[in-house]
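Thanks for coming. Please have the model open on your screens while I go through it.

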Amino acid sequence: MGCTTILVGKNASYDGSTLMARNEDSSPGHYSPKKFIVVNPQDQPRLYRSVISKVEIELPDNPLRYTAMPDALGKEGIWAAAGINDCNVAMTATETLTANYRVTAGDPLVKSGIGEEDLVTIVLPYIHSAKEGALRLGSLLEKYGTYERNGIGFQDENEIWWLETIGGHHWMAKRVKDDEYVVVPNQQGLDYFDFVDAYGEKKNYLCSADLIDFIEKNHLDTTMREHNLYEETHFACRGAFGTHTDSDHCYNTPRAWFMERYFNPNTYKWDGLDADFTPESDNLPFSLIPEKKITIDEIKYVLSSYYQGTDYNPYNKRSDASLAGKYRPIGINRNNFVSITQLRPYMPKEIKAIEWIALASNPFNALVPFYSNVSVTPDYLANTSARVTTENFYWASRIIGALADSDFGNCIADVERYQLHALADSQNILNRFDSDYLNNKIENVQKYLEQCNQKIADNIQKATDKLLLVLVDKVSDQMKNGFSRADN
């Protein structure tokens, strides 16, 4: 499953929030309808059983409430994907990664282990910090193993931790620096690792207890110098665990190139024969200090990218046709959703956490925010089923994408206006509810926040219905069976 992740440290964001975002994408030829729900403690299982691997896990008796973005149909399990619990800790799972053959030969994947279907459900309700999330998942990986290669993000208001699985049971995790952002496009992303810290203070690095033994036993260290890994503070992870295949160069690295090119346009030379980095570079940085602070709309823009401003844009009619569509877009037809979790340090804990959500193909969908400290979500986002209908946000957004893509040049301006107004109008509603909360004594906080979420949902539903009417009319005008007397 292809996905794209962005992590933004608190000093790199526009308002001091930690920001964590991920596109979830379906596999080619498939589309997974999603819904936005709240899992209350009484609904959380105590004995969890995976649909895919059949693994059974006993869960603690004291789960926290949390939001989730599960598959609406549930044919292959929950796939809760992303959410925030009532301790204002967020999790996104997962970014599918790559690994070289030596890793999986040394520690084979476990068919009866845990995977993306399970991770949010068995971790998020039980953690009280981002670091605790990495440690809990690490212990579960060591005990049960995993049947896939994944990257998982954990976030609280102060920190973001990124964990990557290595083989069936091993893992490593790194704390994102406060003044940096991270991009991960379906590749093993961590570039360097500090074993001194991971085996010592564990301040910024964590890993499975026997990771160095695993590396040495399987000859994974490909550096050209003799060194003691227990004294290594800058271990080259990608050479040891990752891949740099031809398919990476058309599917993965171009996405990282575009995102870093966007946030750091002047830091490096990104284009031309003498570029520092190209779409096919294997050594793109895992993290960078952005040239300016990163905003919500910018995260949405890059996660909706189809290589605008480059010759690789599949909608570009002005450049070399052989280059258009050469690389896999970030905003692709099979995006299921994007979630951006924002933890605002300047707000009281009751209204600190915001989850921004957009559904279906990112170039054509709208991003809107919701408070996570609620016990129920608006029906427009929670009622997704197999039935195609404009009465829920997922299917309405999917229809918009299909219509607009078919007549891109004629429709994209209307889509962009819709997206801009959705951001501005929903942020305005949020601002008013924030202000009222700060200035008044609110007795039933959850009910109050649910009223805000419903108002935002009602507003985006009206805007979406309006756009659908415009697009249906425009695309209908382009039908090949059009005819009138004036045509004679």
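H219 sits in the loop between α5 (211-217) and β15 (235-236). Helices and strands here are DSSP runs, helices being H or I of at least four residues and strands E of at least two, numbered from the N terminus. The phi angle of H219 is near 55°, which is a positive value in a residue other than glycine. H219 has a relative accessibility of 64%, so it counts as exposed. On the terms: buried is under 20% relative accessible area, exposed is over 50%, and partly exposed is in between, with a 1.4 Å probe and protein chains only.

A word on the source: this is a predicted model, where local features need pLDDT of at least 70 and side-chain atom pairs count only at pLDDT 80 or more, while totals for chains, interfaces and linings use all residues. Residues are numbered from 1 along each chain as its sequence is written, and side-chain values use heavy atoms, with hydrogens and water left out.

K54 also has a positive phi, near 70°, and is not a glycine. K54 lies in the loop between β4 (47-49) and β5 (56-58). With a relative accessibility of 45%, K54 is partly exposed.

One more backbone detail: the peptide bond from A93 to T94 is cis, with omega near 10°. T94 belongs to strand β8 (residues 90-96).

Now the whole chain. The protein has 13 helices and 19 strands. Its radius of gyration is 23 Å, close to the 23 Å that the globule rule gives for 488 residues, so the protein is as compact as a globular protein of that length. That radius is taken over C-alpha atoms, and the globule rule is 2.2 Å times the number of residues to the power 0.38. The C-alpha trace spans about 80 × 60 × 45 Å along its principal axes. Of the 488 residues, 58% are buried. A contact means heavy atoms within 4.5 Å; among contacts between residues at least 6 apart in sequence, 71% join residues at least 24 apart.

Which helix is largely enclosed by the rest of the structure? That is α8 (residues 253-263), because 10 of its 11 residues are buried. Among them are W257, F258, M259 and F263. The buried residues of α8 pack against β1 (3-8), β12 (181-184), α7 (246-251), β16 (287-288) and α9.

Next, salt bridges. A salt bridge is a side-chain nitrogen of Lys or Arg within 4 Å of a carboxyl oxygen of Asp or Glu. By this rule the count is 17. In one of them, R328 meets D25 at 2.7 Å, N to O. This pair links distant parts of the chain, 303 residues apart: R328 is in the loop between α9 (296-303) and β17 (335-343), and D25 is in strand β2 (residues 18-25). Are these two buried or exposed? R328 is buried, with a relative accessible area of 6%, and D25 is buried as well, at 0%.

Another salt bridge joins D178 and R175, with the closest N and O atoms 2.9 Å apart. R175 is buried, at 15% relative accessible area. K269 and D274 form a salt bridge too, at 3.7 Å, N to O. Here K269 is partly exposed, at 37%, and D274 is exposed, at 54%.
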